[in-house]
Amino acid sequence: MGKTLSFLDKSFWITESDANPKHVACLQLLAMPEHADKDHYVPALFDEIKGFARGTSPFNCYVKTVLGYPIALVPVKKLDMNYHVQLHRIDDVNDREALDGFIAKLHGSRLDPDKPLWQYHFIYDGKSGTFAIYARVHHMYGDGATLVRWFQSGYVSRPNGSTFTPVWALKRLRHKRREMQSGYKRLIAVGHALKTSLDLAVIFLRIFMKVLRVNPHYMPIPFTGTKTILTGQVEPGRAVATMDLDFKRIKQLARRTRSTANEVLLCAFDIGVHRLLQDHGQTFPKALFSNMPINLRKPGEKTTGNKIAIVPVQLAHGEQDPYLRLRQIIINHRIVKHAAQHARPAAFSGYTIAIQSLALVFEWLRISNWVKPIANILVSNVPGPKDRRYLKDSELLACYPISTMTPGGGVNITLMTYSGTANIGMVCCNKNVKSLQVLSRYVTEAFDMLEASVDNPRLKIEDVGEHIHTMPVSIVSEH
């Protein structure tokens with residue numbers, strides 16, 4: 001039986017192109033068991049996993065279309081395991097920059113639309129005790145929360161050398177069919193729809209009032225972002241970088257500054273991206289913007305598919321003090337959170353669909369270079385396992401999420417917390433920036449500086465590439 005798709009699910013198929021594939025992925029680093037044969041362990045694991053040729057939904061489903069329009073996910077009888085599971089031998093798995101470059105080539109290609117939309121790539125060098133798995137799944141199968149839940153179900157909390165089932169073959173509970181709604185329930189649903197429409201109208205009205213400068217304290221106006229060498233029409237080719245931050249330090253800093261972990265990270269990413277753009281000679285008279293995904297699920301809800309909203313958040317400008325930049329981001333972030341809390345989730349989702357659909361039209365018409373972007377970076381945070389996990393008898397060392405490119409370009413930064421560490425994956429179009437390795441260093445330095453600035457207010461960022469209008473200095477001002 002086929003699985004129906006929401007409009008948001010379908011949008012990832014409709015808007016996909018060779019230049020902008022719509023899959024999300026993760027790079028997993030694993031350690032072999034202590035006495036494993038380093039040359040034969042991964043090929044043996046690869047052969048074993050290829051034997052699971054019968055998948056469960058949605059991993060056994062291809063997309064049924066009518067005139068190119070997706071209708072449903074329909075099961076296949078047998079998976080083509082030579083396509084879905086592949087083996088690669090490289091020179092050195094522990095050379096992070098080279099590994100990121102190899103992953104960038106895999107990530108830039110498109111999944112076969114005539115097959116179930118996922119792949120597992122095993123990567124090893126035959127001489128070290130570490131190997132990697134690059135796993136990618138089409139975004140129409142689910143959002144980050146869904147995919148991480150599936151990922152966690154495929155790993156175990158203790159090493160187990162015998163019993164093992166890969167994630168695509170795990171049995172899942174079937175959702176009960178919806179019962180026919182009574183007249184009363186239909187009436188309630190109509191009432192909810194009317195209230196959602198009203199909330200959506202209020203969102204657009206307040207955005208329009210901000211355009212008129214009547215209501216300045218509201219969400220950013222769409223398509224007023226800053227053009228940079230990272231934004232514009234998305235072209236083929238990707239740059240990928242991975243990095244780690246101590247999530248305990250992030251949470252401690254958030255407590256000390258009365259902020260959230262997301263706000264601390266936004267500040268570090270903002271400073272890092274500014275420095276990267278400054279290296280390419282770009283300076284700006286106003287703040288950059290970040291796209292912020294909002295999970296619209298209720299607590300405990302375990303639905304599949306996509307149930308998110310993505311809205312822009314203004315970042316910081318005009319301050320060389322990292323702590324003061326953080327305060328700016330806290331204020332701007334909470335303006336958007338306040339707006340989200342005072343609207344129904346369906347209304348916020350509708351707002352996302354409206355502005356993102358317009359961005360997709362610009363991309364389809366290939367005019368993204370001519371219009372301002374919605375945002376410059378997209379930052380999302382996906383909670384992962386709190387304890388160590390194992391793939392059969394191999395310990396999972398890290399898991400770096402690598403997302404798709406949003407229309408209008410920019411840098412997509414996704415982090416997953418795993419066993420007290422933030423594993424961070426960054427991706428951008430490589431038409432102007434060939435590598436993001438320097439950005440990972442800049443973000444680390446920005447976080448260290450932000451942490452130190454709490455106790456040392458004299459710490460300043462040397463240059464974040466911003467035009468600042470100078471003001472006359474009072475004779476009583478401290479120079």
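Start by selecting aspartate 39 and arginine 89 in this predicted model: their side chains form a salt bridge, with N and O 2.9 Å apart. Aspartate 39 sits in the loop between E2 and helix H2 (41-50), while arginine 89 belongs to strand E5 (residues 85-89), so the contact ties together parts separated by 50 residues in sequence. Colour the two by accessibility. Aspartate 39 is partly exposed, at 28% relative accessible area. Arginine 89 has 51% relative accessibility and counts as exposed, because the cut-off for that class is over 50%.

Next, select glutamate 16 and arginine 110. These residues make a salt bridge whose closest N and O atoms are 3.6 Å apart. Glutamate 16 is in the loop between helix H1 (7-14) and strand E2 (23-31), and arginine 110 is in the loop between helix H4 (96-107) and strand E6 (118-124); the pair links distant parts of the chain, 94 residues apart. Glutamate 16 is buried, with a relative accessible area of 10%, whereas arginine 110 is partly exposed at 33%.

Glu16, Asp18 and Arg110 are linked in a network of salt bridges.

Then move to arginine 389 and aspartate 387. Here the salt bridge has its closest N and O atoms 3.4 Å apart. Arginine 389 counts as buried, with 16% relative accessibility; aspartate 387 is partly exposed at 36%.

To continue the tour, display the salt bridges across the whole structure: a search finds 17 of them.

Key: Residues numbered from 1 in each chain as written. Predicted model: local features only at pLDDT ≥ 70, side-chain atom pairs only at ≥ 80, totals over all residues. Heavy atoms only, no water. Salt bridge = Lys/Arg side-chain N within 4 Å of Asp/Glu carboxyl O. Helix = DSSP H or I, 4+ residues; strand = E, 2+ residues; numbered from the N terminus. Buried < 20%, exposed > 50% of the residue type's maximum accessible area, 1.4 Å probe, protein only.
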